[in-house]
Amino acid sequence: MHLEDIKPAINRSVLMLYRVFAIVTLYAVLAGVVMFAFGSAFYAGSKTWVAPVILSQGDKEALDLTSKTLSTQNTVDDLKLDMAKLEDTIGEAQLHKAKLETLLPAIDRAIAQENRHKRETGPVLVSLDRQKNSDVTRTQSALTKLADVNATIDKELAAGLITKTDATQATLQLVKSNGDLTDSRIATTLLKDTIWEKTLPSTTSLDTLHKKAELESEIASLGIVIDSAQKQIATERNQAAKLDEALKIAKQTPLWAARQDARTNVALVPYDNQAVANEGAPVYDCYLSFVVCRQVGTVKVRFAGEQHTTHPIFRSDLRGFLVQLQLTVPDSAKSKTLFVGSKPLLF
Amino acid sequence: MLTFILCVLGLRLSLSIAKYAWSIVMRIGHPKLSGLVQDYALEPTVSILLPCFNEGPDVYNSIRTILECDYPAGKFGVIATDDRSRDDSWEWLQKAAADFPGRVIARQNSRNMGKSRTLIDASHLSTSDIILVIDSDCIFAKDTIRELVSCFADPKMGVVGGTVGVRNPNTNSLTQVQTYVYFLAFDLWKTFENWTKSVTCVGGYLMAIRRHLFEQIEPKILTRNWFGVEVMEGEDRYITHHALLLGYDTYVNPKARCWTTAPDKYAQFFSQQYHWRKSGARDLCMTYKSLWSHLGIMHPNGIYCSTVAPLTVLTFTLGIFIAPLFDPLFFLHPITLVISLATGAVLRMIISRHFPDQKIANPLAFAFFGFWWIINSFYLTVLSLLTFDFSDWGSRAKKRVRRPGQELCT
């Protein structure tokens with residue numbers, strides 16, 4: 001048998017295979033194009049579809065959220081501890097300040113009393129000093145006049161005019177008088193010191209004033225410490241409140257829900273479709289994307305806050321918010337899209 | 001996504017630029033090979049084969065303009081064949097034969113046979129040196145025939161074509177788009193192949209071939225088949241390719257102008273483009289099947305244009321097929337539109353400058369061309385690759401309806 005003899009049969013076979021392949025391929029391409037066009041048109045016009053997402057504890061975002069919430073909670077705790085410490089500090093400072101503040105009037109009173117006493121005794125002492133000086137002057141004058149008495153006593157003793165005992169008594173009397181004069185002079189000097197203290201500002205009073213100033217400074221410092229601590233407490237209280245609020249918000253997010261459960265089914269609702277995404281609304285999953293549908297659960301929680309993702313069909317940027325789904329058929333969460341509120345078609 | 005788009009466009013652009021760069025290298029590297037010899041005193045006898053199928057009164061108009069050409073009347077004639085049209089084409093052919101006795105032979109096939117066989121049968125009535133194959137709605141310039149035959153001064157020149165313009169560039173957006181398409185396909189695209197006289201497809205709307213060469217290729221045309229199924233379309237590309245394989249040069253003389261009526265209906269346009277694409281796909285298969293026989297005979301630029309350049313279309317087809325997997329909105333990407341409009345603006349400027357009669361009224365039509373280009377590159381390529389077992393008359397397969405009071409004018 002020659003090749004030419006079987007060539008027509010080969011041709012027919014090849015042609016038949018080619019035609020089968022061509023018809024199948026062309027219809028497949030046509031079906032693909034039609035489905036693509038219809039699918040694109042459907043998703044462009046549909047107002048009920050949502051894009052399901054499965055969240056789990058192991059998700060990077062959930063782990064990040066756990067890490068961040070723990071960190072935030074620690075910060076809040078630290079702030080609260082710090083505020084307690086600051087409040088203790090304020091209490092102590094206020095107590096100390098109050099005590100110091102009670103000292104100030106006592107010091108003032110003591111200074112006033114002292115000054116009053118000085119004003120009273122000062123002039124008296126000055127008068128006494130003058131009198132004393134006069135006495136000393138007179139005493140000295142009298143003793144000067146007695147300067148020759150000692151020689152006279154010796155002459156009279158030598159002459160036997162007086163006895164030795166008399167002479168000794170006379171001499172002792174003389175010495176005693178001189179000593180009294182000296183004492184008077186000392187007393188005068190001391191009196192001058194006293195007068196000086198009573199009439200002029202003394203170092204003691206200055207020390208008292210210095211201590212008063214120090215006391216006032218310490219009170220002021222304590223005031224500053226109290227004020228600063230109060231301000232810091234206010235700031236930290238504000239910060240803690242904000243962080244608490246952030247934690248509260250974080251606990252209302254789907255990722256927090258994911259942190260609680262091993263698997264959480266959520267869905268991104270595009271803003272265009274937000275009208276249907278109410279809590280309790282039925283959720284449908286469909287065969288062939290949107291053709292034959294069945295209810296697979298309900299919307300459990302509607303979360304606040306904008307989310308971004310990629311459009312499951314058009315692959316463009318998609319904005320919307322998340323809802324938590326209560327699915328009776330968990331595998332439906334693996335579908336590309338789900339429908340909320342009603343079936344996309346009538347069946 | 002942007003990277004992907006740029007990669008697809010970049011690959012296509014690279015292959016296209018490579019074609020032009022390669023042509024430039026060939027032209028510079030082989031200046032003797034690229035030089036064209038023309039002799040306007042050359043006046044060989046010419047038989048103009050005009051196959052006709054459902055052309056209606058346009059065929060009469062074509063014959064009239066052909067006969068008005070500036071070429072010795074005794075040295076050319078028209079052999080017009082009706083391939084069993086379903087309209088009044090045959091009556092118009094008979095009228096032409098009656099109005100121009102001795103210069104027009106009107107004949108009718110016994111049954112619908114397709115363009116290839118019609119041409120061959122008509123060629124048997126010819127004894128001329130040159131056979132000029134044309135489309136039945138083709139309108140000639142006065143010097144078209146002389147421009148064509150002058151190129152045969154070079155004995156190595158086997159096939160010579162001309163450039164075709166659109167008679168109705170501004171009928172609607174479809175014809176505007178085709179004005180771009182024709183310019184790209186028949187002017188710009190051929191220019192670089194012309195440089196090395198290795199045009200891979202001299203269009204059947206205006207193709208002059210040496211008679212002995214045509215006879216040499218005729219048996220191959222008659223036995224063309226796809227696993228036993230007769231192939232009826234794409235004879236122009238087939239003839240050109242075989243002329244190159246036989247060692248002849250092929251050339252498109254840009255000064256030889258003719259005009260054709262571009263389809264103004266989507267179905268016709270689709271059919272036309274589909275047949276062009278199928279013809280190219282068939283040729284690509286034939287080229288790869290007999291690649292070794294090309295080496296050493298065909299000019300390297302011709303080999304490149306037959307083997308690598310068509311891959312640009314396939315590359316883009318693949319790109320379009322894959323693109324929606326990455327981004328379903330790929331076709332609406334602003335870059336696609338911007339590139340389309342920018343290309344259109346440049347082309348419109350060139351067309352308006354060099355071919356004022358082809359000036360496109362609506363420059364934004366190129367945005368539509370960009371859209372069509374995507375469909376063309378994708379679906380038509382797939383369709384043509386999967387319908388090799390089917391042949392017909394292409395855009396003329398459906399009967400034309402003659403409008404009451406239609407005038408016969410250019």
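Q: Which residue of strand 10 of chain B is the bridge partner of B:V159?
A: Strands of a sheet pair through backbone hydrogen bonds, either parallel or antiparallel. Here B:V159 has B:T250 of strand 10 as its bridge partner, and strand 6 (residues 157-166) and strand 10 (residues 249-260) of chain B run parallel, joined by nine bridges. The model is predicted, so local features need pLDDT of at least 70 and side-chain atom pairs count only at pLDDT 80 or more, while totals for chains, interfaces and linings use all residues. Residues are numbered from 1 along each chain as its sequence is written, and chains are lettered from A and ligands numbered from 1 in the order in which they are written.

Q: In what order do the eight strands of the open sheet in chain B lie?
A: The order is 3-2-1-4-7-6-10-5, with mixed pairing; strands pair if DSSP finds at least two bridges between them, and helices (H or I, at least four residues) and strands (E, at least two) are DSSP runs numbered from the N terminus. Strand 3 (104-108) and strand 5 (139-140) of chain B are at the edges with a single partner strand each, so one side of each has no neighbour in the sheet.

Q: Which strands of chain B does helix 7 touch?
A: Helix 7 (residues 173-194) of chain B packs on the sheet against strand 6 and strand 10, and its direction makes about 155 degrees with that of strand 6 of chain B. Contact requires C-beta atoms, placed from the backbone, within 7 Å.

Q: At what angle do helix 3 and helix 4 of chain A pack?
A: Two packed helices are described by the angle between their axes and the distance between the axes. Helix 3 (residues 149-158) and helix 4 (residues 164-199) of chain A pack at about 175 degrees with axes 10 Å apart, and they are therefore roughly antiparallel, a label for angles over 145 on a scale from 0 to 180 degrees. Among the residues making this contact are A:I153 of helix 3 and A:L174 of helix 4 of chain A.

Q: Is strand 2 of chain A enclosed or open?
A: Six of the eight residues of strand 2 (residues 263-270) of chain A are buried, so this strand is largely enclosed by the rest of the structure; buried means that 20 or more other C-beta atoms lie within 10 Å of a residue's own. Strand 2 of chain A runs antiparallel to strand 1 (residues 49-56) of chain A, with six bridges, and antiparallel to strand 6 (residues 317-327) of chain A, with five.

Conventions: Contact = placed C-beta atoms within 7 Å. Buried ≥ 20, exposed ≤ 12 C-beta atoms within 10 Å, placed from the backbone. Parallel < 35°, antiparallel > 145°, perpendicular 65-115°, else oblique.
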